[in-house]
Amino acid sequence: MKKNRILLENVNLHYAAMAYRERSLKSLMASAFKKSARNGQIADIHALKNVNVEINSGERVGLLGHNGAGKSTFLKTVAGLYPVSSGVLQVSGQVRSLFDLSLGFEPDATGRENILYRGLLLGLSPKFMRQKEEEIVSFAGLGEFIDYPIKTYSAGMQVRLAFAISTTVGGDILLLDEVIGAGDANFMEKARSRITSLIEQAEILVLASHDFNALKSICTRGLVFHHGVIVYDGTIEDAIVEYKIVNGPAQ
Amino acid sequence: MFSYFSRVWAARYFWVHLALADLRSRWRRSFFGVTWSIIQPLGLTCLLALVFSRILHTDIVTYAPYILSGIIVWEYISANTIGGSLSFVQADAYIKQCNHPLAIYTLRNILSSSIVLMLASLSLYGWVAIVLPENFGWSWLATLTIYPVLAAIAWPVSTLLAYVSTRFRDVPHALGLVMQSLWFISPVYFEEKMFRSGGLHALVDYNPIYHILQLLRAPLLHGEWPTLENYLFSLGTALVLSLVAILVGYKSERKVIFYL
């Protein structure tokens, strides 16, 4: 019996500030010859500070925080995209993440081909994707456009297709970053019920959002981030209250 | 180490598809489609063979397949160095979304350019079979080894270059120059004996590009098996480069995402 769990112990994450400074050989050489006149080097961005979290099977966790507080970084760290600078990160279970939905389409390929590509990107087999293809096509509801190249799609259509693909394949651990809110009103209804059923299937859900109603209706536990630190960990109602206190009355 | 390669294997559907998609988009909406990878080197060969055989007073019948073999293998090499160095930058959308081993994005280029090389070499086999039928024999089987040997060298090279180029974006531009000079000092179009008669033995004997090309040229152009030295030199190059690539990858793979 496998147990799905996310465990972070004293996790720190630094964005390499180098990445934003020395882009070229020229600037690297220039800085080598120049006496370090400015001692105040740009420090690495400390995006997650001493984060301690344990999320167990069956939990629905909402992430709150101002822009840049570390919500997305937290999700991407759990997804294994960012390397932790120190601390322990253990994730057991199949992770599915819905971050930026329109990333990774091949503009010249048709919608149908892109269904396959995206499924393969998620690590699935062509056989499995062919079984799921019709379901995805009918959910996306793009009509004949499904056989047109993606570059002819409007932004909303791309989001619909991406959403349909990403949500058809479930996982043990579901990571969502502000994805509720895609497409037109009609599609929104479908999307909402799809998300709800996906959430029910998933063992663990972590959702980052600014939509308090969505958070209240979906999540049970809330984490409040403030400048990379988890300042509150408790029930979602209390977390929303805490978030408002931390960020001042203007919210 | 082992788990890394098993992750590469687990993602095989993905990178195989990326490679095939690259090929499809390359030939999409062109009339000749796939045959372009045969026509293009053949056309260039005819042109070069005509000019060079006059200038260098060599026999066009044997010189043309020599050039053709040089062109198609060089095409592969430059696709995987100049093109390969950009593979992480081009795949940024995937890298930022999915935690696949990064080496699959260079493997994608290896696969697509290997397919192009195989197609292009069909014309070489055909040409040689017609003009030099006396060379046909069992030794031709050795030409099949060039594909895995080339891949074993090109994969670590392009992965290394991709790491460096993600960090330093000048590298792909500089590479154009480097590859041009490498081409010039290697027996790609110019015959091996021209280097030797000029006293430049080292450019031939210690040049992995020469030894790789011999895997194709010795059987096809001379009807001989490639020498053990050819294989040892090629595989040794592959081994050394793989070790460096694994070392560099071990240190910097996880940081690549910050530089995209």
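How are helix 3 of chain B and helix 7 of chain B set to each other, oblique or parallel? The axes of helix 3 (residues 36-55) and helix 7 of chain B come within 8 Å and cross at roughly 55 degrees; helix 3 of chain B and helix 7 of chain B are therefore oblique to each other. Here angles under 35 degrees count as roughly parallel, over 145 as roughly antiparallel, 65 to 115 as roughly perpendicular and the rest as oblique. Axes are lines fitted to C-alpha atoms, for helices over the stretch in contact, and angles run from 0 to 180 degrees between N-to-C directions.

A word on the model itself. This is a predicted model, in which local features need pLDDT of at least 70 and side-chain atom pairs count only at pLDDT 80 or more, while totals for chains, interfaces and linings use all residues. Residues are numbered from 1 along each chain as its sequence is written, and chains are lettered from A and ligands numbered from 1 in the order in which they are written. Helices (H or I, at least four residues) and strands (E, at least two) are DSSP runs, numbered from the N terminus.

Helix 3 of chain B brings B:Ser37, B:Ile38, B:Pro41 and B:Leu42 to the contact, and helix 7 of chain B brings B:Val116, B:Leu119, B:Ala120, B:Leu122 and B:Ser123. Two residues are in contact if their C-beta atoms, placed from the backbone, lie within 7 Å. Sorted by class, this contact has seven nonpolar, two polar and no charged residues. For these classes, Ala, Val, Leu, Ile, Met, Phe, Trp, Tyr, Cys and Pro count as nonpolar, Asp, Glu, Lys and Arg as charged, and the others, Gly among them, as polar.

Helix 7 (residues 103-131) of chain B also meets helix 2 of chain B, with axes that come within 8 Å and cross at roughly 50 degrees. Helix 2 of chain B and helix 7 of chain B are therefore oblique to each other, and the crossing is right-handed. On the helix 2 side, the residues involved include B:Phe14, B:Trp15 and B:Leu18, and on the helix 7 side they include B:Ile104, B:Leu107 and B:Arg108. By class, that contact holds ten nonpolar, one polar and two charged residues.

Elsewhere in chain B, B:Leu220 sits in helix 12 (residues 208-222). B:Leu220 counts as buried because 26 C-beta neighbours lie inside 10 Å. The cut-offs are simple enough: a residue is buried if 20 or more other C-beta atoms lie within 10 Å of its own, exposed if 12 or fewer, and partly exposed in between. Leaving aside neighbours within four places in sequence, the contacts of B:Leu220 include B:Pro65, B:Leu124, B:Val128 and B:Trp140.

Now for where the two chains meet. Here 22 residues of chain B are in contact with 25 residues of chain A. Helix 2 (12-27) and helix 6 (92-95) of chain B each supply at least two residues of the side that touches chain A, and helix 2 of chain B gives the largest share, five residues. That side of chain B has twelve nonpolar, four polar and six charged residues.

Chain A has nine helices and nine strands, and buried residues make up 37% of its 251 residues. One open sheet of three strands in chain A has the order 2-1-4, with antiparallel pairing (two strands pair if DSSP finds at least two bridges between them). Its edge strands are strand 2 (45-56) and strand 4 (86-92) of chain A. Strand 1 (residues 5-15) of chain A pairs with strand 2 of chain A over eight bridges, and helix 3 (residues 71-78) of chain A packs on the sheet, touching strand 1, strand 2 and strand 4 of chain A.

Strand 7 (residues 204-208) of chain A has five of its five residues buried, so it is largely enclosed by the rest of the structure. In a regular strand the side chains alternate between the two faces of the sheet. In strand 7 of chain A, A:Ile204, A:Val206 and A:Ala208 point one way and A:Leu205 and A:Leu207 the other. Four bridges join strand 7 of chain A to strand 3 (residues 60-65) of chain A, in parallel, with A:Val61 and A:Val206 as bridge partners. Strand 6 (residues 173-177) of chain A pairs with strand 7 of chain A in the parallel sense over five bridges, and there A:Ile173 has A:Ile204 as its bridge partner.

Methods
A crossing is left-handed if the near helix is turned anticlockwise from the far one by less than a right angle, and right-handed if clockwise.
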